[in-house]
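Please read the following numbered points alongside the sequence and the structure.

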Amino acid sequence: GICGLYERKIRDINPMIPNITYDITDLYNFIDGLADISALVYDHEIHAFLPYDRQWIKQKLFQHLKKLAQR
């Protein structure tokens, strides 16, 4: 979802560019530029949602993209 938000923003700014490329630093800068971002993740053990900050989101995003790149 976050990558999609960033890609839509890039397309809005540069509608004539057919292929969008960016690196993790660009994505991190986008996340840091958001006024407020957090994630609520359900914990089955306590039956409640736990909040996580932007640093956690960046770590999870990096792990996800790394996993995709290894395929």
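1. In this predicted model, Lys58 has a relative accessibility of 8% and therefore counts as buried, the cut-off for that term being under 20%. Lys58 belongs to helix α3, which spans residues 54-69. Setting aside residues up to four places away in sequence, Lys58 touches Tyr28, Ile31 and Asp32.

2. With Asp32, Lys58 forms a salt bridge in which the closest N and O atoms are 2.8 Å apart. Because Asp32 lies in helix α2 and Lys58 in helix α3, the pair ties together parts that are 26 residues apart in sequence. A search of the whole structure finds 1 salt bridge. Asp32 counts as partly exposed, at 41% relative accessibility, whereas Lys58 is buried.

3. The largest nonpolar core consists of 10 residues, among them Tyr6, Phe30, Ile31 and Leu61. Helices α1 (2-13), α2 (24-33) and α3 are the elements that each give two or more residues to this core. Phe30, one of the core residues, is in contact with Ile2, Leu5, Tyr6 and Lys9, leaving aside neighbours within four places in sequence.

4. The strands deserve a separate remark. Strand β1 (residues 39-43) pairs with strand β2 (residues 48-52) in the antiparallel sense, over 5 bridges. Leu40 has Pro51 in β2 as its bridge partner. Together β1 and β2 form a hairpin with 4 residues between them. Which residue in the turn has a positive phi? This is His47, with a value of about 55°.

Key:
Residues are numbered from 1 along each chain as its sequence is written. This is a predicted model: local features need pLDDT of at least 70, side-chain atom pairs count only at pLDDT 80 or more; totals for chains, interfaces and linings use all residues. Side-chain values use heavy atoms; hydrogens and water are left out. Buried means under 20% relative accessible area, exposed over 50%, partly exposed in between (1.4 Å probe, protein chains only). Contact means heavy atoms within 4.5 Å. Two strands pair if DSSP finds at least two bridges between them. A nonpolar core is a set of buried Ala, Val, Leu, Ile, Met, Phe, Trp, Tyr and Cys residues joined through side-chain atoms within 4.5 Å. A salt bridge is a side-chain nitrogen of Lys or Arg within 4 Å of a carboxyl oxygen of Asp or Glu.
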